[in-house]
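Trainee: Hi! Could you walk me through this one while we look at it together?
Mentor: Happy to, so let's open it up.

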Amino acid sequence: MNLTKPLRFQRFTLAAALLLPAHLLLIGQSQCQTEDADMDDWTTAQGDCNDNDATIYPNAPELCDGLDNDCDREVDEGSLGTSEVCPAADCTEIQDANPEAQSGPYYLNAGVYHCEMGLYEGGWTLVRQDALVYGTGYDGTYYNGEGILWNQVLFQYASGYVSAHCAYPDSITGGCNNLGFQFGGESWGLPLYWGSSTCGLATTDYTGATTYPGGYDFIVSRGDSNETIRLGALEGISSCTIEDNHGEAYVNIYVRR
Ligand SMILES: [Ca+2]
Ligand SMILES: [Ca+2]
Ligand SMILES: [Ca+2]
Ligand SMILES: [Ca+2]
């Protein structure tokens, strides 16, 4: 019987005794009784399903690398969009694949985007932060130029106000608002509660497809689309009475499926 313990065992035991609670110390002792080739503190007998790769062991973080890191026989589960190795189409796909995914930046096919997972059931891809709205015209930028597929757009109030007959945000739930939007080549659209003059501007009525989930935010729904999105103050766009159209507001624009 060999009473001399291997040096590695002695070092581990000393470190473990200083750092680990007793039950973990016992685990450490048992694992050192067999080989741990990749030094990830798990032996094959303990469940290391690849003892030649230290990123692979039971309960390891599941990396986006084409491998089953946590040894549960599923490859890359819950890691979609966490690396440029496996980009997602959009934030809706990430949330579908991992309902626990948190808000933050993710890798999409179109680049790195902020995904909003907690707001209004989540799955939102931010296609523009702080889009400018002003009363005497419109920002010429078409957002979602990358063509991310959507069937809902969230216009989230960020800051400021703009006046074009009625002021946004103060009047948005009170019978009128001055915001309009344009999807692709469509006419400018009207959300619910539109009450001010459009001055003959060609418009598409989205009254039945507009919801107000809270505050001054509003969601517009329609069929699947990858169209661009533009936002403006309709009275200013149609140049009917621009003298009173003062102010600037900023709106975040999100899409989801
Ligand atoms: Ca190992
Ligand atoms: Ca391993
Ligand atoms: Ca896995
Ligand atoms: Ca993996």
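This is a predicted model: local features need pLDDT of at least 70, side-chain atom pairs count only at pLDDT 80 or more; totals for chains, interfaces and linings use all residues.

Mentor: We'll talk about the metal sites, then the disulfides, and finish with a strand.

Trainee: OK, metals. Which protein donors does the calcium ion (ligand 1) have?
Mentor: Asp36, Asp38, Asp40, Asp48 and Asp51 each give an OD atom, and Trp42 gives its O, at 2.2 to 2.3 Å from the ion. A donor here is an N, O or S atom within 2.8 Å of the metal (3.2 Å for Na, K and Ca), and since water is not among the atoms, sites may look incomplete.

Trainee: And what geometry does that site have?
Mentor: The site of the calcium ion (ligand 1) is octahedral, with angles of 80 to 173° among its 6 donor atoms. Six donors count as octahedral if opposite donors are over 155 degrees apart and all others between 65 and 115. Ideal angles for six octahedral donors are 90 or 180 degrees.

Trainee: How are those donors spaced along the chain?
Mentor: The spacing for the calcium ion (ligand 1) is D-x1-D-x1-D-x1-W-x5-D-x2-D.

Trainee: Which residue bridges ligand 1 and ligand 2?
Mentor: Asp38 bridges those two calcium ions, and they lie 3.8 Å apart. The protein donors of the calcium ion (ligand 2) include Asp38 (OD), Asn50 (O), Asp53 (O) and Ile56 (O), and its donors lie 2.2 to 2.5 Å from it. Asp38 and Ile56 are 18 residues apart, and each sits in the loop between α2 (22-31) and α3 (91-97). Helices (H or I, at least four residues) and strands (E, at least two) are DSSP runs, numbered from the N terminus.

Trainee: Is Asp38 buried or exposed?
Mentor: Asp38 counts as buried because its relative accessibility is 12%. Buried means under 20% relative accessible area, exposed over 50%, and partly exposed in between (1.4 Å probe, protein chains only). Trp42, at 27%, counts as partly exposed.

Trainee: What about ligand 3, which residues hold that calcium ion?
Mentor: Its protein donors are Glu62 (OE), Asp68 (OD), Asp70 (OD), Asp72 (OD), Glu74 (O), Glu77 (OE) and Glu77 (OE), lying 2.2 to 2.6 Å away. Glu62 also coordinates the calcium ion (ligand 4), which is 6.0 Å from ligand 3.

Trainee: I clicked on Asn69. What does Asn69 touch?
Mentor: Leaving aside its neighbours within four places in sequence, Asn69 is in contact with Thr55, Ile56, Tyr57, Ala60, Pro61, Glu62, Leu63 and Asp76. Contact means heavy atoms within 4.5 Å. Asn69 is in the loop between α2 and α3, and is buried, with a relative accessible area of 0%.

Trainee: New topic! How many disulfides are there?
Mentor: A search of the whole structure finds 3. A disulfide is a pair of cysteine sulfur atoms within 2.5 Å. One of them joins Cys49 to Cys71, S to S 2.1 Å. The torsion about that S-S bond is about -90°, so the Cys49 and Cys71 disulfide is left-handed.

Trainee: And the others?
Mentor: Cys64 and Cys86 form a disulfide with sulfur atoms 1.3 Å apart, and both residues are buried. Cys91 and Cys115 form another, at 1.9 Å. Cys91 lies in helix α3 and Cys115 in strand β2 (residues 111-116), so the pair ties together parts that are 24 residues apart in sequence.

Trainee: Last one: which strand does β6 pair with?
Mentor: β6 pairs with strand β11 (residues 229-233) in the antiparallel sense over 5 bridges, and Leu179 stands opposite Ala233 in β11. Two strands pair if DSSP finds at least two bridges between them.

Trainee: Which way do the β6 residues point?
Mentor: Leu179, Phe181 and Phe183 point one way from β6 and Gly180 and Gln182 the other way, and all are buried. In a regular strand the side chains alternate between the two faces of the sheet.

Note on methods. Residues are numbered from 1 along each chain as its sequence is written. Chains are lettered from A and ligands numbered from 1 in the order in which they are written. Side-chain values use heavy atoms; hydrogens and water are left out. Four donors count as tetrahedral if all angles lie between 85 and 135 degrees; four count as square planar and six as octahedral if opposite donors are over 155 degrees apart and all others between 65 and 115; anything else is irregular.
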